[in-house]
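Hi everyone, thanks for coming. Have a look at this one with me, and then we'll walk through a few spots.

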Amino acid sequence: MDDTKDFGTPSANSNKLVTLNIDGVDVTVPEGTSLMRAASVAGFSVPKLCATDSLEPFGSCRLCLVEIEGKRGYPASCTTPAADGLVVSTQSPKLAELRKGVMELYISDHPLDCLTCSTNGDCELQDMAGAVGLRDVRYGYEGENHLDSKKDESNPYFTFDPSKCIVCSRCVRACEETQGTFALTIDGRGFESKVSAGNKDFKDSECVSCGACVQACPTATLIEKSIEEHGTPEKKVKTTCAYCGVGCSFNAELQGDKVVRMTPNKDGGANHGHSCVKGRFAWGYTTHKDRITTPMIRKSIKDPWQKVSWEEAINYAASEIKRIQQKYGSNSVGAISSSRCTNEEVYLMQKIVRAGFGNNNIDTCARVCHSPTGYGLKQTIGESAGTQNFDSVMKSDVIMIIGANPTDGHPVFASQMKRRLREGAKLIIVDPREIDLVGNTPHIKADYHLKLRPSTNVATINSIAHVIVEEGLSDQNFVKERCEDESFKIWLNFIKDPKNSPESMESETGIPADLLRKAARLFAKEKNGSIYYGLGVTEHSQGSTMVMGIANLAMITGNVGREGVGINPLRGQNNVQGACDMGSFPHELPGYRHVSDLATRALFESAWNAKIYDEPGLRIPNMLDEAISGKFKSLYCEGEDIAQSDPDTQHVTHALESMECVIVQDLFLNETAMYAHVFLPGSSFLEKNGTFTNAERRISRVRKVMAPKNGYEDWEITQMLSNALGYPMHYKHASEIMDEVAQLTPTFKGVSYEKLDKLESIQWPCNDEFPEGTPTMHVDEFVRGKGKFFITEYVPTVEKVNGKFPLIMTTGRILAHYNVGAQTRRTKNSEWHDEDLIEIHPHDAEERGINERDWVGINSRSGDTVLRAKITNKVQPGVVYTTFHHPVSGANVITTDNSDWATNCPEFKVTAVQVTKVTQPSNWQSKYQKFSEKQIDFVKNGEEKVN
Ligand code: SF4
Ligand code: SF4
Ligand code: SF4
Ligand code: FES
């Protein structure tokens, strides 16, 4: 399908077809299709201004009039449905006259600056004037008009010039229907009517800068500042957003090799033409002045950096790895890959470790986010991945969101979910914090908000399951047919125990038992119940237990194996799913196959011509501990910033300082790179080929839009290092790496770049049985055969509040920023959020004499830091909350090294703290400032040794 073609109105869903005749051509379309769309399908184009196929028809511009045989008048084709036997004319002298008259009125109130307008040649008003043959305007331009209206330039990324507005309302509808924010209205009537962002500037309004209105605007009224600056693009390349696990498809639009705009792709399987502020606008970091594009080396972190050639840097890194292995043993080196990397890069990282280093010391940042998802789902249902596609939510009757904040973390999917909620699906939110979907989102109100105490997830999910079993609301047929009888009986016995009742658990969870019972009944009684969860589930000492508890709940209610239901982990970073799929955990080869499995090892050994060690390697926390104890001496770290993102920062930096050779491959001198001895400049997502796999298991192409500023794609750098180490790799293109993955991994068997180019994206498993992928998993049976119930005993965390640390601190993220913020902080997104704040309930603030924006010290058992206060009812008394996007905030200086029992995923969400009013930064912050300034200086004043 041509993704630029605009059919005028959305497609209809009906199975019933109707046939009509348009301009002499018979056309058959689904019932409910508009005449405009039917004409477009038949190959005719009806002039239009207020209609576009991403929005419901509105019928305001009167340009799309048609004639219907046997009917009087001239109906608007965008709002008139096609019907059997209609005979329609889209062109006639009378229609031409009417349309010209309409266009004259529009043009007489429009500035005549087409030739100098930034969107000249890319403007629907201009196109329509041409289409209706308008050459001059009879009314002149002297009458009343809007040409002097003031331009709003407050938004950092787009402008609003009301003098060019034709009041077609597309922007208003886009904000409502597509984004679900309702920031815009049409104020006034008739000639006075105008678009308003609540009588405020865009920047100060409810607008979240998703860009949907800009995308929908047919004129230059709403336009990207980058287009005003550079002009309209000459060409485009389809690629995938590198920020979050939604995996939106975009067109990178270019002039020469300069990206001037990113526009969401209508055919994108995950985003269907929608975007959020990050993917749409926050790509400026790719050309930011802070990027380092020349390799650097140094002997000690106390030395300035030396800029060297690629050859010298690679040879130095390889010789250090070899020296260290010779001196301290094979196990003294390892690598950390990242969910920021493409599948192909991650695959090569684990390959270089297993085949080049000769050990299994490879881990990934999923360790600190969704490793419990991998473990818990594998155990219960047999596959470490979500069960659905995003579109499935449109068939949900009740949605349960646990420990996730989709409007901030997964905004484009949140818009789709909000649409379903506006259609009437019920909503249950399980979260210690009042996220926006609880009641701060227009036309959405959660039916139940179970405001649990942090760390009591397992107690809560057990109570929900207890109510369902006790009140006879379970789906016994599903359990009988699809689940293991024995494990179910044991679990049933456990869950029925009165200790799991909401009444018994109320003192732990803080959730009124009656409220929990009502929520449990709602979830069990609605036909299709879906569960969406995030890091608020996984980042706990019982993260894996909770994932299994979620699987138990889905099975007991029969909510797996069809559309509208399922277990849906909302993955944080762009390629968390893919990084895990590609074998970046120390115990698993690609496709989640354990390194101890002889047949799997034999397969890889023969393909790789290398021996694979049969025992799991070190996890990140083990690497750090062993570095401190002197056994682990060298780390190759690509795309990950453990010094900012991992818990207990001082422990992490102590470990990094203890190593003899830290090799960092990244775009910027990030926090970890400040402790590095070799810096290998990385390439941005716009500069390389590869694939990302999103939260729905959707594999999408990342395409090289421009030449890498550092000279190489990231996978090429790993390949060079491997060759220098003596383990040869000879890939000529990223596609060859995917071919190898497909050859060695059953769930990827049918995946190739050729197929991805054809299908746009593929949800794995993709194999002989499902050659075009699998949107819904576990349809007739679970991947493991029968679903397995697990006992999920609630074990309170050891992290306790007491007199010294009376509050629980929990963490999360904000829409404008992304993870450690290394990218978004280098964009104009910082205008919305230039520092991390600590949210505190008014009661707790008052008790401590803390006022809005006061500096407050936050002390935990691990360390202390200082942030400004934000006083809000969003958090409950006894709980404080912060984000972690700025390194100087030191959010992870205070988090502890408690972790999930099964996977070591850190307990980021529960830290006992005290909060007090202070006047100066913490000791750590003062030290950090000095250290980082010095390290930045070491780059600036480094010696140049490049040939
Ligand atoms: S950018 Fe998005 S949120 Fe803002 S007004 Fe436009 S559609 Fe609404
Ligand atoms: S700003 Fe654009 S989309 Fe909105 S009413 Fe005006 S012309 Fe239409
Ligand atoms: S929702 Fe996620 S993938 Fe989509 S544009 Fe935003 S950050 Fe990118
Ligand atoms: S396009 Fe049909 S009335 Fe505007």
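So, which residues are around ligand 1? They're F158, C175, L184, F202, C207, V208, S209, C210, G211, A212 and C213, each with a heavy atom within 4 Å of the ligand. By class, that shell has 9 nonpolar, 2 polar and no charged residues. Here Ala, Val, Leu, Ile, Met, Phe, Trp, Tyr, Cys and Pro count as nonpolar, Asp, Glu, Lys and Arg as charged, and the others, Gly among them, as polar.

Quick housekeeping: this is a predicted model, where local features need pLDDT of at least 70 and side-chain atom pairs pLDDT 80 or more, while totals for chains, interfaces and linings use all residues. Residues are numbered from 1 along each chain as its sequence is written, chains are lettered from A and ligands numbered from 1 in the order written, and side-chain values use heavy atoms, without hydrogens or water.

On to the cores, meaning buried Ala, Val, Leu, Ile, Met, Phe, Trp, Tyr and Cys residues joined through side-chain atoms within 4.5 Å; buried is under 20% relative accessible area, with a 1.4 Å probe and protein chains only. The largest nonpolar core has 65 residues, and L222, I399, M417 and L427 touch the most other members. Its largest share, 4 residues, comes from helix α12, residues 411–422, helices being DSSP runs (H or I, at least four residues) numbered from the N terminus. Apart from that core lies another, of 64 residues, including Y753 and W764.

Methods. Buried means under 20% relative accessible area, exposed over 50%, partly exposed in between (1.4 Å probe, protein chains only). Helices (H or I, at least four residues) and strands (E, at least two) are DSSP runs, numbered from the N terminus.
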